[in-house]
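Student: I would like to learn how to read the main features of a model like this one. Could we go through them together?

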There are 2 protein chains.
Amino acid sequence: MHRLALSAVLVLAALSAAADPLPSWKDGPAKQAITGFVTDVTKAGGKDFVPPAQRIAVFDNDGTLWIEQPMYTQLAFVLDRLKVLAPAHPEWTEQQPFKAALEGDLATLGAAGSEGLLQLVIATHSGMTSAEFETIALDWIGAARHPRFQQPYTQLIYQPMLELLEYLRGNGFKTFIVSGGGADFMRPWSETVYGIPPEQVIGSQIAQRFEVRDGVPVIVREPEVAFIDDQAGKPVGIQRHIGRRPILAFGNSDGDIQMLQWTTGAPGPSLGLILHHTDAEREYAYDRESHFGRLDKALALAPENGWVLVSMKDAWSHLFPPTQGSQPDE
Amino acid sequence: MHRLALSAVLVLAALSAAADPLPSWKDGPAKQAITGFVTDVTKAGGKDFVPPAQRIAVFDNDGTLWIEQPMYTQLAFVLDRLKVLAPAHPEWTEQQPFKAALEGDLATLGAAGSEGLLQLVIATHSGMTSAEFETIALDWIGAARHPRFQQPYTQLIYQPMLELLEYLRGNGFKTFIVSGGGADFMRPWSETVYGIPPEQVIGSQIAQRFEVRDGVPVIVREPEVAFIDDQAGKPVGIQRHIGRRPILAFGNSDGDIQMLQWTTGAPGPSLGLILHHTDAEREYAYDRESHFGRLDKALALAPENGWVLVSMKDAWSHLFPPTQGSQPDE
């Protein structure tokens, strides 16, 4: 694209953003709930005004900011990583759940449950320094492709959510990720991809240890889980990390129920939102029966708690951000 | 003070700040090290330029940002709190270390060591909700007075450090507290006092649990230590919370050694600073022999690591911020 043409596009984009901060959101109840809430809490002197310091917004990651089907992205990372490490672990060819993982036997893997999954996570996420793990995660995320869309996972993020994050930040909100996934898996790219710096990424963590190794200070990742930031762990993670209660929470699964309860269960203005994956054509349609991102109890709890259901199919005009290079370069 | 006079003072303060961002720092090697470092890392195109997102500065709290003698402020809180709780715990009159704490028997308390201290912390910091603890901490910090200075502890903070925090933030740094003290003890007032929001306060933490109690979501503080943010715990706390390595660290005791090592032990520009309490007249003079804030090994490590020693007596022209109301109101 010529520089002039690029400038024109950027100007048009800026003008359009001024006109509508959420251009990929269709007019409807979800968009109205969001813009109404932001207008209310930012209106100086209004009855629902919230000072900027207290405008904390928390977002689940898997299935809320980016794709989580056909499996959590971090699980795809784990399975790839196990293959890399397998030659040094001949015992894995006989030992479950490693055998199943290496053979791609998802049924056996599923039967191993979260206990089994944790073993795989520990085997692939510990034993190296923090700097080494950052390189491993960055290399993988740069090279891996989603099996259906054949795109990098960092391209399979939701454009409407990028707009929402930006819109909130433009209105004095501080945006945080609160994910069941590993904090250190997301942090190497969260700022580039979402505009969320690593210190605003809350997630599950394994134990870490500081040591000076041959005169060089390192942090070593230990084979032990330190914190699981899921379900009732989410409000605890928020309290540990942020120390104040969010006023906006956006999730998509039963793992987000407690985060939504904590955010909206206090006096004062708050907004809870749930993304409902209803779009088999552009992405996936799933809820009560899904292994990943199951949305069951939260669906039932939404009406009585005033949580806004966002149907992907109905609420969003665009899904993924425009692919770089997909437009002709002229 | 008349409004006009106040405006004049503010204008003068602003002018003076423009001329010298660190007016309470005497000209000398410490001030030069700081301003030289900040100039280098903010100089676009310079060889030591650091992008704003990576300008992370970490500060110990006790003895670095505020007073820590004759005992850690949080220990004074613990001792006061035990007296409030004692009527409901008749067993404490016979049980150590509670008996010693209630009788002010600091020798026995000292002999009980950190294990004993931890028992007292747990007894006073758990069993309530997060909101209840916030109120308890805020009420105490508002009412308590330092035994020597007869001032609120939040007044016994160091004016030169307030100027440094502000100077760093004005140069694109993000400022964090990294304290061995309890995060939730500092967070209720850290923003008002230091301009550091709760989400940038890293400290020791006890376990917490989310529950919905009679329909109301609460976070309950549990009688169990979740994390000790001291010594080798400091770089781990930094990594868990921030996920990137600071480029400036400021401490004052041996508990800060590992944080200083982690900050300055990497290639690229970094600055480590140690406040040395050398001012018995205006505050206290202590180092190798002190029970609180012992500075021994760090003194020996400073030269070889290039950590800058800041002698309170020599480097600072003013110590505490001007007392509100100490100037005539006209």
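**Reading the interface and its surroundings**

Tutor: Gladly. The size of an interface is often given as the accessible area lost when the parts come together. Here, chain A and chain B bury about 2900 Å² between them, with 54% of it on carbon and sulfur atoms. Please keep in mind that this is a predicted model.

Student: Which residues of chain A lose the most area to chain B?

Tutor: They are A:Glu199, A:Phe210 and A:Arg240, which together make up 23% of what that side buries. The contact itself draws 34 residues from chain A and 34 residues from chain B.

Student: How many salt bridges are there between chain A and chain B?

Tutor: Let me begin with the general idea. Side chains of opposite charge can pair when their charged atoms come close. Between chain A and chain B the count is six salt bridges. One of the salt bridges joins the side chains of A:Lys174 and B:Glu199, at 2.9 Å from N to O.

Student: Which elements of chain A supply at least two residues each to the side that touches chain B?

Tutor: On that side you will find strands β2 (174-182), β3 (201-213) and β4 (216-227), along with helices α9 (183-194), α10 (233-241) and α11 (257-264). By residue class, the side of chain A that touches chain B divides into 16 nonpolar, ten polar and eight charged.

Student: What does a salt bridge within one chain look like here, for instance the one between A:Lys83 and A:Asp80?

Tutor: In that pair, the closest N and O atoms are 3.9 Å apart. A:Lys83 and A:Asp80 are separated by about one helical turn, because they sit three residues apart in helix α3 of chain A. Over all chains, the structure holds 36 salt bridges.

Student: Now for helix packing. At what angle do α10 and α11 of chain B pack?

Tutor: For a pair of helices, look at the angle and at the distance between the axes. Helix α10 (residues 233-241) and helix α11 (residues 257-264) of chain B pack at about 55°, and their axes are 6 Å apart. That angle makes α10(B) oblique to α11(B). From α10(B), the contact uses B:Lys234, B:Pro235, B:Ile238 and B:Gln239, while α11(B) brings B:Gln258, B:Met259 and B:Trp262. These contact residues divide into four nonpolar, two polar and one charged.

Student: What should I look for in the backbone?

Tutor: The peptide bond from A:Gln69 to A:Pro70 is cis, with omega near 5°, and A:Pro70 is found in the loop between β1 (56-59) and α3 (73-85) of chain A. In chain B, a cis peptide bond joins B:Gln96 and B:Pro97, with omega about 0°. B:Pro97 lies in the loop between α3 (73-85) and α4 (98-103) of chain B.

Student: And what is phi at B:Asp214?

Tutor: Phi there is near 50°, a positive value in a residue other than glycine. B:Asp214 belongs to the loop between β3 (201-213) and β4 (216-227) of chain B.

Student: How far apart in space are A:Ile122 and A:Val225?

Tutor: A:Ile122 and A:Val225 are 103 residues apart in sequence, and their C-alpha atoms are 7.6 Å apart. A:Ile122 lies in helix α6 (residues 113-125) of chain A. Leaving aside neighbours within four places in sequence, A:Ile122 is in contact with A:Pro223, A:Glu224 and A:Val225.

Student: Which residues does A:Pro188 contact, leaving aside its neighbours within four places in sequence?

Tutor: A:Pro188, in helix α9 of chain A, is in contact with A:Glu134, A:Ala137 and A:Leu138. The C-alpha atoms of A:Pro188 and A:Gly46, 142 residues apart along the chain, are separated by 39 Å.

Conventions: Residues numbered from 1 in each chain as written. Chains lettered and ligands numbered in written order. Predicted model: local features only at pLDDT ≥ 70, side-chain atom pairs only at ≥ 80, totals over all residues. Heavy atoms only, no water. Axes fitted to C-alpha atoms, helices over the stretch in contact; angles between N-to-C directions. Helix = DSSP H or I, 4+ residues; strand = E, 2+ residues; numbered from the N terminus. Parallel < 35°, antiparallel > 145°, perpendicular 65-115°, else oblique. Contact = heavy atoms within 4.5 Å. Nonpolar A, V, L, I, M, F, W, Y, C, P; charged D, E, K, R; others polar. Buried area = accessible area lost by both parts, 1.4 Å probe. Salt bridge = Lys/Arg side-chain N within 4 Å of Asp/Glu carboxyl O.
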